[in-house]
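Reader: I like my labels with cut-offs attached. Walk me through this one, and tell me what stands behind each word.

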Amino acid sequence: MAKFHSSKIANHDTATIGPNRPALWKLFLVWTCIGIQSFGGGSATILLIRREFIERHTWLSEEEYERYWSLCQLSPGIILVAMVILIGRKLRSRLGIIVSLAGMLLPSAIITCLFSAGFVLVQAFSPVQAMMRGVIPATAGLMLTIALQFALPPLKNASSSRGLHLIECLVIMVLSALAISWWHIEIVVVVLGAILLSLGVFYPLQKRGKA
Amino acid sequence: VNWFLYFLLFLKASTFSFGGMSNLASLQRDLPIYHWAHLSDFGKAVAIGQVSPGPNGLWVVSLGYLTYGIPGAAMALLAITIPPFLILPLNTLYRRLEEQHWMEALLRSLVLVSVGLLLSSAWSILAETLQDRWSIPICLMACVLCITRRLGALALILLAACAGFLFYGLHF
């Protein structure tokens, strides 16, 4: 009886959130649309996700979305993929994760492969080679831009607080770049070293400074 | 190509990266050692990734294709899909993690080390092109245009292709 009662409550629960559980094929389609529409990553895709999942379909609440987004900043690898996993699981549990990832990544990955194959076909032509001599340094500029976008928020925070934060920012950024490009140290060591430096040296110093 | 090691190198790069582009530095370091990729492949893959749809991080799929064909692309895709699954255990720990003061310091160190990774991979790409007169001006111009948000990544790549054609194809 108790079991029946609880299942009734559960039913009632899904009834109030009822229309908020999308069919799997719909979930797949929505993620496919988002994946194919997003070029050059980051902020544009975030806007698309917000529009589809909160505004158009009300599958997610604003608070859940914000919580997922801040949590995903901790994820290794592509932040958006972590976001897809969390939203997929929230909406349709395990199958939801698979369907969402497939929708977001597979069509785009296939198009990326087709573009790469097309490039392989034409790359020997001299006009294409001339174009690539312009494109390659531009991609370096793009990487530089992404680096600056990463660096700005912590630098801004640091300049508004104590000097130790600023020293931490500069030391870790410069040391890690040098460690890779100049001393050719293994990346895993560099990443772990930076974490150790931050948590082992700067964090205790900052704590002592506050106390 | 030892496909298992190839896959592991991609997986390692993705696991120790933060955001879609900072795995570049690790791959730039590892793949050429085994002669599985030429240094010039990385710039090409990033450029193709920028003109293709999908998250930024899908540029590795292009690198996989350029270096090892369809199997390479599939392994690259798998390698970038696995590490973000760590978000599921993190999600269950969220309430406890949220209260820890050191979390902020940890997050900051990850962002900062990514800046180092991105800077050194930008340098590696640029270093390959330094024999060309216009490389550094194009690189800086691209950076300025992106930061001031005058141009999206797609338009930027097309513009750079035009510039390359003018300077090196027509010898303007």
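Reader: Which residues in helix 8 of chain A meet which residues in helix 6 of chain B?

Author: On the helix 8 side of chain A you have A:I187, A:V190, A:V191, A:A194, A:I195, A:S198, A:L199, A:Y203 and A:Q206. They meet B:W102, B:A105, B:L106, B:R108, B:S109, B:L110, B:V113 and B:L117 in helix 6 of chain B. Contact means heavy atoms within 4.5 Å. Helices (H or I, at least four residues) and strands (E, at least two) are DSSP runs, numbered from the N terminus.

A word on the ground rules. This is a predicted model, where local features need pLDDT of at least 70 and side-chain atom pairs count only at pLDDT 80 or more, while totals for chains, interfaces and linings use all residues. Residues are numbered from 1 along each chain as its sequence is written, chains are lettered from A and ligands numbered from 1 in the order in which they are written, and side-chain values use heavy atoms, with hydrogens and water left out.

Reader: What classes of residue does the contact of helix 8 of chain A with helix 6 of chain B have?

Author: By class, the contact of helix 8 of chain A with helix 6 of chain B has 13 nonpolar, 3 polar and 1 charged residues. The nonpolar class is Ala, Val, Leu, Ile, Met, Phe, Trp, Tyr, Cys and Pro; Asp, Glu, Lys and Arg are charged, and the others, Gly among them, are polar.

Reader: Why are helix 8 of chain A and helix 6 of chain B called oblique?

Author: Helix 8 (residues 187–210) of chain A and helix 6 (residues 102–127) of chain B pack at an angle of about 140°, with their axes 9 Å apart. Axes are lines fitted to C-alpha atoms, for helices over the stretch in contact, and angles run from 0 to 180 degrees between N-to-C directions. Under 35 degrees is roughly parallel, over 145 roughly antiparallel, 65 to 115 roughly perpendicular, and the rest oblique. The pair therefore ends up as oblique. The crossing of helix 8 of chain A past helix 6 of chain B is right-handed, where right-handed means that the near helix is turned clockwise from the far one by less than a right angle, and left-handed that it is turned anticlockwise.

Reader: What makes helix 6 and helix 7 of chain A roughly antiparallel?

Author: The axes of helix 6 (residues 126–160) and helix 7 (residues 163–181) of chain A cross at roughly 150° and come within 8 Å. Helix 6 and helix 7 of chain A are therefore roughly antiparallel. Helix 6 of chain A passes helix 7 of chain A in a left-handed crossing.

Reader: And what makes helix 5 of chain A roughly perpendicular to helix 5 of chain B?

Author: Helix 5 of chain A and helix 5 (residues 87–98) of chain B have axes that cross at roughly 90° and come within 10 Å. That makes them roughly perpendicular. Here A:A82, A:I85, A:L86, A:R89 and A:I97 meet B:I87, B:L88 and B:N91.

Reader: How do you know that B:S121 and B:D132 count as buried?

Author: Buried means under 20% relative accessible area, exposed over 50%, partly exposed in between (1.4 Å probe, protein chains only). B:S121, in helix 6 of chain B, counts as buried because its relative accessibility is 0%. B:D132 is in the loop between helix 6 and helix 7 (135–147) of chain B, and at 8% relative accessibility B:D132 therefore counts as buried.

Reader: How many residues has the largest nonpolar core, and what makes it a core?

Author: It has 116 residues, and those with the most contacts inside it are A:F53, B:L31 and B:W59. Helix 5 (residues 79–122) of chain A gives the most to this core, with 18 residues. A nonpolar core is a set of buried Ala, Val, Leu, Ile, Met, Phe, Trp, Tyr and Cys residues joined through side-chain atoms within 4.5 Å. Neighbours within four places in sequence aside, the contacts of B:W59 include B:L24, B:L27 and B:F42.

Reader: How many helices and strands has each chain, and what share is buried?

Author: Chain A comes to 8 helices and 0 strands, and chain B to 8 helices and 0 strands. Buried residues make up 45% of the 211 residues in chain A and 59% of the 172 residues of chain B.
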